[in-house]
Amino acid sequence: MSTATPRRSFLALTGAAALTLAGCARQGVGAAAAPTGALPTTAPPPGTRLSIAIHTTQIQLEASGRIHDLPFTVSQWPNLTAGPDVIQGFRAKSVDLANNAGIPPIQASAIGLDTRIVAVRLSETPLYVFATAPGSAVRDAADFRGKRIAFSQGQAQGVVVLRALKKAGISTEDVHLVPLPSTQFLTALQARQVDVAPLAEPTLTKYLTQYRKDGARGIHTDVVDLLSILWAPTEVLRDEARTAAIRSFVPFWAQGQVWAYENPARWIEAYYVKDQGVTRADGQRIVASLGKPCFPTSWDTAIAWEQQTSELLTAGGFDPAVKAADLFDRRFEGIAAASVPSAYRK
């Protein structure tokens with residue numbers, strides 16, 4: 001595997017060809033005019049349908065018995081989690097709403113796809129651990145110098161890598177960033193095609209359970225991926241019926257996470273054991289390591305974080321600059337926070 005890839009070629013390698021073509025379809029970077037008008041406050045009209053790519057919320061609503069309380073029809077729950085896959089779903093008009101970290105909206109803007117963030121959760125606990133390949137001598141972030149690191153430019157994992165390198169005082173020129181979609185990180189580690197890759201749970205536990213005996217390990221850092229967001233194509237948000245449905249869904253999204261936090265045994269059984277196939281003990285350990293969900297009443301911190309992330313990518317030569325404030329539809333600001341008890345607001 002090549003260890004020297006020009007930075008500007010990362011997009012074609014980590015996304016699909018459709019994303020690259022999208023960048024050619026529109027010159028320059030910048031969001032289209034934001035949707036205007038007050039948000040609908042009534043239930044969406046009968047027959048309204050949304051395709052929602054948020055698998056965890058689906059499981060939370062099913063396990064809590066609230067799945068049939070949604071005031072609209074979910075046409076499908078595509079199990080898409082990687083940012084590039086969601087972007088393809090948006091472009092194909094097969095996905096109306098998704099949950100990702102903060103970087104996919106930046107990537108979408110960079111290739112000319114207009115989207116808006118409609119809900120924000122702050123995650124102040126590190127979600128990613130740097131897993132090492134079997135037999136690797138890497139033991140802490142200082143050992144990353146000269147190593148092959150799995151890197152997905154358009155996903156949260158990519159920014160986690162950049163932030164970890166910056167914190168360790170290591171330049172991107174001093175490592176070999178191997179461009180891969182995050183869905184291939186696990187197999188790249190298993191095949192020793194990379195030395196290090198950031199993994200989240202439950203993938204991390206599955207990997208270490210199998211390869212710890214061969215010398216694989218997890219390297220913990222204090223690098224956080226602050227934002228978990230709901231986002232939608234701007235085109236969808238110009239449709240009053242679908243906007244009403246999204247407006248009504250945001251509280252279900254936030255409350256589902258609160259339910260999971262307050263009902264860990266039921267959540268572990270429904271998601272980690274039955275859906276993800278990890279042991280109950282591992283599920284308990286994973287849940288114990290996660291922080292309490294927190295929904296901000298103001299998006300100022302989220303916008304500042306998103307701007308900093310964009311500037312980090314620009315400084316590295318990966319993406320043109322993006323004005324982060326343009327990525328948010330502030331008509332939705334505070335809706336998630338208002339739907340949960342005060343203990344879960346910030």
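A polar contact is taken here as a pair of N or O atoms within 3.5 Å; within protein, one must be able to donate a hydrogen and the other to accept it, and residues adjacent in sequence count only if both atoms are side-chain atoms. The structure is a predicted model, in which local features need pLDDT of at least 70 and side-chain atom pairs count only at pLDDT 80 or more, while totals for chains, interfaces and linings use all residues. Residues are numbered from 1 along each chain as its sequence is written, and side-chain values use heavy atoms, with hydrogens and water left out.

Helices (H or I, at least four residues) and strands (E, at least two) are DSSP runs, numbered from the N terminus. H10 covers residues 240–262, 23 residues in total, and its first and last C-alpha are 34 Å apart, close to the expected 33 Å; the expected span is 1.5 Å times one less than the number of residues. A kink of about 25° is found at Phe 249, shortly before the proline Pro 251, the bend being the angle between axes fitted to the seven residues ending there and the seven starting there.

Together with Phe 144, Phe 249 touches the most other members of the largest nonpolar core, which has 82 residues. The largest share of this core, eight residues, is supplied by H10. Such a core is a set of buried Ala, Val, Leu, Ile, Met, Phe, Trp, Tyr and Cys residues joined through side-chain atoms within 4.5 Å, where buried means under 20% relative accessible area, exposed over 50%, and partly exposed in between (1.4 Å probe, protein chains only). Not counting residues up to four places away in sequence, the contacts of Phe 144 (heavy atoms within 4.5 Å) include Phe 130, Val 138 and Val 196.

Val 196 belongs to strand E8 (residues 196–199), where Val 196 and Pro 198 point one way, Ala 197 and Leu 199 the other, and all are buried. E8 runs antiparallel to strand E5 (residues 129–132), to which four bridges join it; strands pair if DSSP finds at least two bridges between them.

Ser 136 sits in the loop between E5 and strand E6 (148–151) and counts as buried, at 12% relative accessibility. A polar atom of the Ser 136 side chain lies 3.1 Å from the backbone nitrogen of Val 138.
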